[in-house]
Amino acid sequence: MPFFRKRRDVQDGGNGTEGEDSGFGEPSGPSGPSDPSDPGTSGAAESGATGAGDEARRVLWERRRHASGTRSASAFSEAVAGSMDSLGGGVDLAWQGLKNVGAMFRDRRRVGVRAADQPSADWLRQLAALLSTVGAEILRSGTNTNDTESQIADIAARYGVSARCFALPTGIFVRVQTVSGDTNELDFAPVNVGGMQLNQVNALQSLVQRMLAEAVPFDEVRKALREEQSLPRRFKPAAVISGYALLTLALGMLQHPTWNAAAGYLVAGTAVGVMQYLVRRYLPNLLTLFPVAAAIMVTALALRFAGPVLHQDPGFLYIPPLIGFLPGAALTLSAIELATDSPLSGVTRLAGAVNVLLMLALGILVATDTVRAHPVGSPVPATLGAWVGWASVLLLAVGFTLNHDAPNRSLGWLTVALLVTRVVQTAGTLVGGQALGAFVAGMALPPTANWIGKRATIPDQVIFLPAFWMVVPGAHGLSGVQQLLVAHSSAGWQTLLQMTITVGAIALGVLAGASLRRKTRLEVLPAEEGVGAGG
């Protein structure tokens, strides 16, 4: 480093060699000649040369430092710019990835269908009547009103016309019209009283899927509907009654698992199953009053025999035998419809569910005022282990298959769906309590049913309904009403509040799970555009 050596020599008194390289490629001597014979001149010249050289070196050093700083700043700016470009590229890549993932779950697939060529008024009238009848059957199968309206609109598009629907739990209006809008027809179909068997749901969903895929002739649709509505029960009355008893046993063991209580669940469930079969077969006009009669019978049996025979509190046996009347599904569907801008449908379902709960509570109240409760004997049976909850899931699957006439090959898949729902609900409850367990269980229902439906060729609804029914807290609602009206306990309000929170959590979970499914929507194109597909 000659430059630093030279500067050190200058600082030490100028003892360095004058002609030494300064390190900048500049001479260290004076700029002009001097007379070496004159000592004064020589000393002054040497001193001046030394000062001029030092000044030159200082100026050059400052320039060098400035140039170095400029290059460092330039390099730093380039590094920052490169980092920002790299960061921006990474952000763009991540954003594109998120959009691609979101596209998988958004409803973006739309299929264009050619508009019908000048349909006649009679053809439109028949189509409106047919679609309203199909819509009423879809509602009767347990589908919420929003999904029903979407399916009917897609089916109408498959016939080359547009449709506007207004669905309620009790009926559906359907208006179909041409693309030009100059011709339209309106029809209405009521929803028949009573639910559907699972084999009927299977037949109906198969027809709906076919109508979504092609324009099925009207006569074939009418024939398929007649066949679906007249489907006989798959199992004999003894099997159907046994299925109800198993459902009662499964629900009871989930709430209070003891061997003595299990015997009471089986007896009470069998009694209600027999009564249900007789009323449906011979006294169908009394179906409206049947919940009250069943609640009176179950409560009277529990008050008389639960204490002295089973050594159990009668309150444990009130609710499980009434499993077939609990409106948990209606409560949750009403919450879903209220959350999806269908307030009229939601309020209608909610009113119907509350009415059923009040009728059941009325039967329990009548029985408790009529029959004296017998004291509970001893010893009190011990509660069984946690394995009972998983065994109850298997009992639920078998009970549903027998009592609700599930289609062939559905028992194994139904068991899988119930186990998955149970696992998810249990895990969610352990992590964040009952509300989170209900939410994640509801969220798992649509994708699980869809996954099983694709592999087992079973409509989603057949798998969805039993699993959905297992999650809904209809028993908690009846328990709260019973505590308020019968036991006159303020704990009933807490039970009802907990039920409301659970219903809302299930509804939000089902909506979230359904949003993950990618659906195909049909839209009508003008006749001259032909058939196309949108991205």
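User: Which residue forms a salt bridge with R140?
Analyst: In this predicted model, R140 pairs with E137, and their closest N and O atoms are 3.2 Å apart.

User: Where do R140 and E137 lie?
Analyst: Both are in helix α3, three residues apart, or about one turn of the helix.

User: Are R140 and E137 buried or exposed?
Analyst: Both R140 and E137 are buried. That puts each of them under 20% relative accessible area.

User: What about R125, which side chain does it meet in a salt bridge?
Analyst: R125 meets D122, with an N to O distance of 3.5 Å. R125 and D122 are three residues apart in helix α3 (residues 121-140), so about one helical turn separates them.

User: How accessible are R125 and D122?
Analyst: R125 is partly exposed at 42% relative accessible area, and D122 is partly exposed at 41%.

User: Switching to helix α6. Which residues meet in a salt bridge with N to O at 3.0 Å?
Analyst: Those are R222 and D219. Both lie in helix α6 (residues 218-229), three residues apart, about one turn of the helix.

User: And why does D219 count as exposed?
Analyst: Its relative accessibility is 57%, and exposed means over 50%. R222 has a relative accessible area of 28%, so R222 is partly exposed.

User: Which residues do salt bridges with shared partners join into one network?
Analyst: D122, R125 and E185 are joined that way.

User: How many salt bridges does the count come to?
Analyst: Nine. Among them are R140 with E137, R125 with D122, and R222 with D219.

Methods
Residues are numbered from 1 along each chain as its sequence is written. This is a predicted model: local features need pLDDT of at least 70, side-chain atom pairs count only at pLDDT 80 or more; totals for chains, interfaces and linings use all residues. Side-chain values use heavy atoms; hydrogens and water are left out. A salt bridge is a side-chain nitrogen of Lys or Arg within 4 Å of a carboxyl oxygen of Asp or Glu. Helices (H or I, at least four residues) and strands (E, at least two) are DSSP runs, numbered from the N terminus. Buried means under 20% relative accessible area, exposed over 50%, partly exposed in between (1.4 Å probe, protein chains only).
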